[in-house]
Amino acid sequence: MLANFTSAIFTSLLLFSTPPKSGSENKLWVRGKNPFLPQSDIDLMEFPLNLEFLEAEFFLWGSVGCGLDKVAPSLAEGGPPPIGGRKANLDPLIRDIVMQFAYQEVGHIRAIKKTIKGFPRPLLDISSGNFAKIMDMAFKRKLNPPFDPYANGLNYLLAAYVIPYVGLTGYVGANPKLQSPQAKRLVAGLLGVESAQDAVIRGLLYERALQKVHPYDITVAEFTGRISDLRNKIGKKGVKDEGLVVPPVMGPEGRTPGNIIAGDEDSLACDRTPEEILRIVYGTGSENIPGGFFPKGADGRIARSYCHQRD
């Protein structure tokens with residue numbers, strides 16, 4: 001009875017949650033430049049725009065079937081449309097959650113661009129083919145059939161597991177390097193919401209940890225462990241990522257295999273540098289070789305500096 005009532009609520013909510021018409025943004029966006037910010041702060045706030053664009057497009061397409069070009073075109077600034085985005089086959093609850101994430105990411109992009117100039121949306125690959133390659137890398141073999149993040153809610157949650165945690169570790173890494181109160185406040189606000197999104201995704205997956213992912217006969221827990229292992233491997237800076245079920249010695253205080261929230265030995269969030277993040281989101285293990293989610297490379301002074309090093 002309660003389940004039917006809850007489902008009815010979410011269905012009703014979604015009826016009133018239609019994509020806005022092109023150009024009908026809810027909040028006025030004004031590009032901001034702050035001449036009083038140190039260049040290092042600007043660079044560190046600019047870099048995460050890459051991840052925020054990626055999350056916004058993935059969550060928007062998955063939940064409402066369109067991206068920034070329709071929802072908030074001025075934020076995209078004419079950047080190329082993403083490759084392969086499409087509406088996912090989600091149940092009402094998961095769709096509602098993902099849609100909330102999507103609009104939160106729109107706000108994050110706006111908040112960053114109010115503070116610094118930023119850059120147009122880079123070319124992104126959010127296609128099922130790209131996610132299939134990531135999963136094949138994680139399992140060191142080709143999954144058959146190829147993994148499709150848009151096929152159902154569980155697949156989509158597993159694909160979502162791939163992205164937000166990388167961004168939040170970047171914010172943790174950037175925070176102690178920031179100098180200005182304005183930059184620290186912005187990053188703290190972004191980190192809080194990104195961490196909450198990751199916690200929701202992990203919580204939903206933890207509830208299904210022992211469930212087999214059809215048709216692979218592989219549990220959700222193993223998928224998360226493999227994805228985390230892959231990020232550790234190509235990040236090249238040790239263990240900063242853990243799946244939902246771990247050896248007890250790696251769990252909180254070394255006492256439990258349950259690992260609903262990832263953390264270090266003191267249960268603090270791990271940090272990553274821009275170099276580590278580029279290695280992961282490029283899927284190449286090199287900050288100098290674009291690929292993966294960013295076929296032509298990420299943007300901003302930090303990311304471009306590594307492309308120039310390659311040249």
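**Helices α11 and α12 in a predicted model**

In this predicted model, R231, I234 and G235 of α11 meet E276, R279 and I280 of α12.

Q: What makes R231, I234 and G235 in α11 count as meeting residues in α12?
A: Contact means heavy atoms within 4.5 Å. By that cut-off, these three residues of α11 meet E276, R279 and I280 in α12.

Q: How do the residues in the contact of α11 with α12 divide by class?
A: Two are nonpolar, one is polar and three are charged. Gly counts as polar and Ile as nonpolar, while Arg and Glu count as charged.

Q: Why are α11 and α12 called oblique to each other?
A: The axes of α11 (residues 220-235) and α12 (residues 274-282) cross at roughly 125° and come within 8 Å. Angles of 65 to 115 degrees count as roughly perpendicular and those over 145 as roughly antiparallel. The crossing angle is roughly 125°, and α11 and α12 are therefore oblique.

Q: Which hand does the crossing of α11 and α12 have?
A: The crossing is right-handed.

Q: What makes a residue in this chain count as buried, and what percentage of residues are buried?
A: Buried means under 20% relative accessible area. Buried residues make up 54% of the 311 residues in the chain.

Q: Which residues have the most contacts inside the largest nonpolar core?
A: They are F58, F147, L158, L205, F223 and F293, in a core of 89 residues.

Q: Which residues is F58 in contact with, leaving aside its neighbours within four places in sequence?
A: F58 is in contact with I126, F131, Y150, Y156, A159, A160 and I163.

Technical notes: Residues are numbered from 1 along each chain as its sequence is written. This is a predicted model: local features need pLDDT of at least 70, side-chain atom pairs count only at pLDDT 80 or more; totals for chains, interfaces and linings use all residues. Side-chain values use heavy atoms; hydrogens and water are left out. Axes are lines fitted to C-alpha atoms, for helices over the stretch in contact, and angles run from 0 to 180 degrees between N-to-C directions. Helices (H or I, at least four residues) and strands (E, at least two) are DSSP runs, numbered from the N terminus. Angles under 35 degrees count as roughly parallel, over 145 as roughly antiparallel, 65 to 115 as roughly perpendicular and the rest as oblique. A crossing is left-handed if the near helix is turned anticlockwise from the far one by less than a right angle, and right-handed if clockwise. A nonpolar core is a set of buried Ala, Val, Leu, Ile, Met, Phe, Trp, Tyr and Cys residues joined through side-chain atoms within 4.5 Å. Buried means under 20% relative accessible area, exposed over 50%, partly exposed in between (1.4 Å probe, protein chains only).
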